[in-house]
Amino acid sequence: MTEVLATTPGLYPLPDWAKDELSDLKGHQKDDLVSGGEGEAVTETYGDVRGELLEWQIEAGLDRLVEGQSRWDDMLAHPLSVHENVETRGIVRYYDNNNFYREPVVHGDLSATGDVSAELRAADASQAILPGPYSLFSLATDEHYGDEAAFLDAIAEFLAAEAEAFPPVETLFLLEPSLVVDPPADGEDERASEAIDTVAAAVDSDVVVHTYWGSIPEKPYAHLMDADVEAIGFDFVSDHDGSVYNIQEYGTKDDIALGVVDGQNTRVERPEEIAERIEWVDDQVPAQTFETVYATPNTELFYLPTNRTKDKLGALAAGSEEVSL
Amino acid sequence: MSPDGYVDTRSQFRPEDHPNDHFLLTTVVGSYPKPKWLNRAKELAEDDDRDFDDANLEEALDDAARLITDEHVRSGLDVVVDGEMRRNEMVEYFADRIDGYEFNGPVKVWGHNYFDKPSVADEVRYDEPWLVDEFEFTTGVTDRPVKVPITGPYTLASWSFNEHYDDEAELAYELADLVNEEINALVAAGARYIQIDEPALATTPDDHAIVGECLEHIADGVPEDVRLGLHVCYGDYSRIYPEILDMPVHEYDLELANGEYDQLDVFTQPSFDKDLALGVVDVHTADVESVESIKQNITKGLEIVPPERLTVSPDCGVKLLPREAAYRKMENMVQAAREVEAELDAGEVDVGYAGE
């Protein structure tokens, strides 16, 4: 019997009132962004935002609740942006989007900050979100560890230490778009998979390695299958053929995450459309019965305006209910 | 048209009293810092409790457009714009005037900087003129030739949510037809210099063929003496050159000063056979470049094209600079161009094409 759980990869858009309030409180320049030492007023506002984002998810009827990552001004680079041994420099492009983050430059040892676990504790979330180690490694610049393998290891150890401090959650989503967009080369692909193992081993929760903006090339995918995680996530919005190919050729884990709602388009999917997409994937792999299917938007959600974000959460929850596998 | 296919659309902009034999056309990309009082006027117009209505705002916009056009004239530019005083943002402004677009609310660009990214919810259609009033107003307040910058269809498509069309290319081609319609209206109103802005090409340079196809739609039926330019900025030009030379435009306006001309070599092979509008001042620093350093930047352009094909311009729109810095950059840029022209007349410049 397959259980279908509606969830999201986090990084929600700020409610519109908070966009105004936080930009007034913090400012518009790069030095004004979250670096871990926010004042009381800013902290309080983020607390209100956290409550509202949880309400959106509960009202929609999602099965897994995330904290919302509203403080992640630098998107997936956030866990490094708040680290004392990391300097945030110029504004650089965030993947192939018209979005930008501050380049995090690591100039000292990376030890746990407790930043993400504090957020989780404040939210009573059932699902944690972290950047995957390979993606965080790809987004960052190293001026301390000296070689790429050592830097990737250090990032993995750092994320593992963050995750170790998490309160109990059901699921940990590791977001790994770089495995698709900037795939690891020979040798590096095996290390990327080992780095994921390092982080996954730090938690008792189910771990989902979620990928998007296409499908992972074959070799890194084959290595990813060696990682000891419960599920891999696929982007069925941007590349259903490539995703199905990987699953058919190399198999996948007993659980699976399916990106079936477009996180970068305001068109709201109908619940039956979402259910059909999930059933379609299941039809493509008759040999496999999944224990758990995580139905999710393909990408983070901050690309969307708030009205459509909420509409999509509702459609996702309703669509997941309709699935018959 | 000359034997090599080159069309001279440039000499029509040479002022009658131009002081030198050589002529380096000086202009700007388009946007300019808005006067603070204009932003205040917009706030007042949005506040229902205030006795400041749309007619008052219209007057304020006219005043701002007149003021900034004058500022361009005073700096000595050969071709001016109104600093895009009436445009709130380069996509929103157009989406607001095209049928089929709707707005759902702001989305993040970075940090607490947001953009009211529109959605294409239905077939896009030409409804009302976009820029004809702006152009007619500007030409009414100056004797100088006026350039019209228009956000290109590829950028309008990429920086929108596409709910309606099968893919972004299809949307871009439909929008290109609307841009063509607008250009025809502008040409009928007397416009002779139109610049298509495609900053989105920097994000996805592999889409240059889509931009090329859009420009075919845009240029269709436009009279040969109307100068068409393409502005691109902050990208890896090696991924779009030399392919862009095949696009049906006369001039390419490129940001190069910000990268200290590290990409200049890209344009040497094969040779650049169109007009080059070279960015010679950086719009991301408020430090005003000296006339001497701008002159050095201008001569970099002579490594790519001969003087009669060189336009001198800032890297990009200057709207994020303090207004004083924006003005002084233009003033120094014009002075630098005039000095280089005089040196060319005197045979004192021997860089690249100038030395031949």
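The structure is a predicted model, in which local features need pLDDT of at least 70, side-chain atom pairs count only at pLDDT 80 or more, and totals for chains, interfaces and linings use all residues. Residues are numbered from 1 along each chain as its sequence is written, and chains are lettered from A and ligands numbered from 1 in the order in which they are written. Chain A has twelve helices and ten strands, and chain B has nine helices and twelve strands. Helices (H or I, at least four residues) and strands (E, at least two) are DSSP runs, numbered from the N terminus.

**Overall form of the chains**

- Along the principal axes, the C-alpha trace of chain A spans about 50 × 45 × 35 Å, while the C-alpha atoms of chain B fill a box of roughly 65 × 45 × 40 Å.
- Buried residues make up 57% of the 325 residues in chain A and 48% of the 356 residues in chain B.
- A residue is buried if 20 or more other C-beta atoms lie within 10 Å of its own, exposed if 12 or fewer, and partly exposed in between, with C-beta atoms placed from the backbone.
- Among contacts between residues at least 6 apart in sequence, 79% in chain A join residues at least 24 apart; the corresponding share in chain B is 77%.
- Two residues are in contact if their C-beta atoms, placed from the backbone, lie within 7 Å.

**Sheets**

- Strands of a sheet pair through backbone hydrogen bonds, either parallel or antiparallel.
- Two strands are counted as paired if DSSP finds at least two bridges between them.
- In chain A, three strands form an open sheet in the order 2-3-5, with mixed pairing.
- Strand 2 (86-93) and strand 5 (141-142) of chain A stand at the edges with a single partner strand each, so one side of each is left without a neighbour in the sheet.
- Strand 2 of chain A runs antiparallel to strand 3 (residues 100-106) of chain A, and six bridges join them; I91(A) stands opposite R102(A) in strand 3 of chain A.
- In chain B, seven strands form an open sheet with parallel pairing, in the order 1-12-11-10-9-8-6.
- Strand 1 (25-26) and strand 6 (148-151) of chain B are at the edges, each with a single partner strand, so one side of each is left without a neighbour in the sheet.
- Four bridges join strand 10 (residues 251-254) of chain B to strand 11 (residues 275-279) of chain B, and L254(B) has L278(B) as its bridge partner in strand 11 of chain B.

- Helix 6 (residues 148-164) of chain A has 17 residues and reaches 24 Å from its first C-alpha to its last, close to the expected 24 Å; the expected span is 1.5 Å times one less than the number of residues.
- The buried residues of helix 6 of chain A include L152(A), F158(A) and E162(A).
- The partners against which the buried residues of this helix pack include helix 3 (78-81), strand 4 (127-131) and helix 8 (188-200) of chain A.
- A nonpolar core is a set of buried Ala, Val, Leu, Ile, Met, Phe, Trp, Tyr and Cys residues joined through C-beta atoms within 7 Å.
- The largest nonpolar core has 101 residues, and those with the most contacts inside it are V199(A), L258(A), I278(A) and A295(A).
- Helix 6 of chain A gives the largest share of this core, eight residues.
- Apart from this core lies another, of 99 residues, among them A60(B), A95(B), W130(B) and A200(B).

**Where the chains meet**

- In chain B, 18 residues are in contact with 26 residues of chain A.
- Strand 3 of chain B gives the most to the side of chain B that touches chain A, with four residues.

**An exposed loop residue**

- D262(B) is found in the loop between strand 10 and strand 11 of chain B.
- D262(B) counts as exposed because it has 9 C-beta neighbours inside 10 Å.
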